[in-house]
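Work through the exercises below with the sequence and the 3D view at hand. Try each task before reading its solution.

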Amino acid sequence: MLLLAVAVWIDSPLHPRLKIGQLERDLTVKLGLDLQGGAYLIYRADLEGIASNDAKEAIAGVRDVIERRINAFGIAEPEIRTNQVGNEYRVTVELAGVHDPNTAIQMIGATPQLDFRREVGTDEALQQFNVDDPSTLTGPVFERTELTGKNLKRSSVSFDSVGGQPQVNLEFDGAGTELFAKLTKENMGKRIAIYLDQVPISAPVVQAEITNGQAVISGGFSLNEAKELSRRLNAGALPVPIELIGQQTIGPSLGQESAQRSIKAGVIGLILIAIWMIGYYRLPGLVATLALLIYAALFLALIKLVPITMTLAGVAGFIITIGMAVDANVLIFERFKENLKAGRTVPYALEDGFKEAWDSIKASNLSSLLTAVILYAMGTSIVRGFALTYGIGIILSMFTAITVTRVFLTWLTSYRVTHRRLFLAVKNIKPLS
Amino acid sequence: MIKHIKVWFVLPLVTIIVAAAIVIIIKPTWGIDFTGGSLMELDTNNANVETTRALLNETNISLSVQASKDNRIIIKAEPLTEEQHSAIISVLNRENLLKEELRFESIGPTIGAELRRKSVIALSLAVIMLIVYLAYTFRQVSGFVAPWKLGLAAVYASVHDLLFVLALFVVLGRLYGVPIDTMFITAILAILGYSVNDTIVIFNRFKTEWLASRGDDLLTVLDRANTKSLTRSLNTGWATLLVLFVLLAIGGVTIKWFIVALIAGTIVGTYSSIFVAPPILFYLAKFGK
């Protein structure tokens, strides 16, 4: 009873949050990406050239960088996991509720490549690039230097003190500071170009040697562009390259449609079962319906509390356990009726009915639970969603079918007025002496 | 009910052989999650399949276009890179055909191989565990039938059910392109649970009846166990089907074939617990003596 009260309180939409001391829970049902739209991405990390003892660390680095990149763009709670399959390291990313997954994929995959290039004279360029006709060379020619985004410590956005234009500040690490000092010293009066993803974005003329490891990119950015570049630079480069080897993307409208339809199906299914059970088993059917409702309330409370993410397969798993909850009750009632027909009085028929049915309920539910465990261990995300709700449903439904049905049915049949065909659907019930 | 024991021995055997033959000869239509590949489902502004196909020719990606319901189209192809994926989208956007990309799945060949392996492992593991579990549960009956025979009989009935549903989906795959994918494997495992469940209830009844009645022969007791559990078997099957049919009617397209598999499994599972498992147990028990 107490448990039920707690469950109903949790289910009620009036309390969106729960707080008990340290424990704080958001009491809204978490929807999987197939029910609210989103993307499931599987990446393979290319660990070629990395010693096997460093692999774990490299993969953890990949994880962190991806997480920073996603968070930088304000996507709600990405779930990122790493796992090893044979010799392959994988990173899976789940983005629920993302309306434009393709952009997210680009964000994750995009490594901003920042590098500094020095200006070379036409003569030098001719030698290096082996150009036959010098007149084809127009404009300044730039050559790569050792200084790249690797040497970046952090980056921020500021405003140009003269024109108020947004600009991106760069701060180099130790090695970067040295390289930059050397570069500026050797190229006094010439230009140094800053290339982002192979495209020059700014090429200021060096006025003095810079030894404090600070540089500024003023490429005529808008404020948003400057902020985005700074964030991307801060998120850093991936320690190893990654490759998208599998993805599943569900648009938001398909997800919503599925969610609404399955909820509707669940409710209608419950109503039909209730009608049939009450019609067929009468009073016990009513009790079973009550048990079923309590089961649904407990189940909802549990998935909110844990919390368990509901997926479409999860909803299917739950709906199948409704069948199993009914099965436990059917087993009990059939034994009960059989005992009544054999001429036993109601209390004994009921008691023995529970006892005899328990064996079958236990054996059959345990075998289903075993299947649920295997399914969960097999572990792709769809199958897991199904296995989890299926397993929880089996345990909960077994519990409610036995306890709730037993308590209510024993209580109701303690009134002799119920010992009639109208209530129990059995003729000539032996009256209590 | 199963007094004509020979019929109930031959019929399931024929079912198994025919089902196996269908699976081997027609061959399953594997889903992209097993073979690797891409699938896009798009909501369009009255896009026509032929024009869409012609339009997408310019992307130089080999793909197939099918119509789905309500202006929706499904595009299948080899595993697509993100560039190829956006190329398709931009062509459709340019012609103002695309309303919304409902879903996009792209599975690389390594993931496919891994999922295939995992599914095989899960299925074999489930079967072995169930035999062990059943042998353990029915260890008290060892006086007259070896417990492992009960396990074997239950598994035989489940294999019968699984092959039946698999053969059905191989045919559906040929007729309507229904794929055998991870969702199907999930359904198969749920069916396995249900089928064994049902059989356990009848075997349990058989155990009680056998212990209660000394002197009756095995077949009579098996038949009595069947008759006495019949109402329960039918009622449970019926209640499960009630929910499943509601799901099928309004549950949405994404889980349609999953539900069809479960419905077929529930029907054949209820049937097999009465007409397949007890008869084979009878023969297994005879065989040992």
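**Exercise 1: the neighbours of a strand**

In this predicted model, strand 1 (residues 37–44) of chain B and strand 4 of chain B are paired in the antiparallel sense, with 8 bridges.

Task. Which residue of strand 4 of chain B stands opposite Gly37(B), and which is the bridge partner of Gly246(A)?

Solution. 
1. Start within chain B: Gly37(B) stands opposite Ile107(B) of strand 4.
2. Turn to chain A, where strand 13 (residues 242–250) pairs with strand 4 of chain B, in the antiparallel sense and over 5 bridges.
3. In that strand of chain B, Ile107(B) is the bridge partner of Gly246(A).

**Exercise 2: burial**

Task. Why is strand 4 (residues 98–107) of chain B described as largely enclosed by the rest of the structure?

Solution. 
1. Count a residue as buried if 20 or more other C-beta atoms lie within 10 Å of its own.
2. By this test, 8 of the 10 residues of strand 4 of chain B are buried, so the strand is largely enclosed by the rest of the structure.

**Exercise 3: the interface**

Task. How many residues of chain B are in contact with chain A, and how do they divide by class?

Solution. 
1. Contacts join 51 residues of chain B to 52 residues of chain A.
2. Elements of chain B that give two or more residues to this side include strand 4, helix 5 (109–137) and helix 8 (218–250).
3. By class, the side of chain B touching chain A has 26 nonpolar, 17 polar and 8 charged residues.

How values were computed: Residues are numbered from 1 along each chain as its sequence is written. Chains are lettered from A and ligands numbered from 1 in the order in which they are written. This is a predicted model: local features need pLDDT of at least 70, side-chain atom pairs count only at pLDDT 80 or more; totals for chains, interfaces and linings use all residues. A residue is buried if 20 or more other C-beta atoms lie within 10 Å of its own, exposed if 12 or fewer, and partly exposed in between; C-beta atoms are placed from the backbone. Helices (H or I, at least four residues) and strands (E, at least two) are DSSP runs, numbered from the N terminus. Two strands pair if DSSP finds at least two bridges between them. Two residues are in contact if their C-beta atoms, placed from the backbone, lie within 7 Å. Ala, Val, Leu, Ile, Met, Phe, Trp, Tyr, Cys and Pro count as nonpolar, Asp, Glu, Lys and Arg as charged, and the others, Gly among them, as polar.
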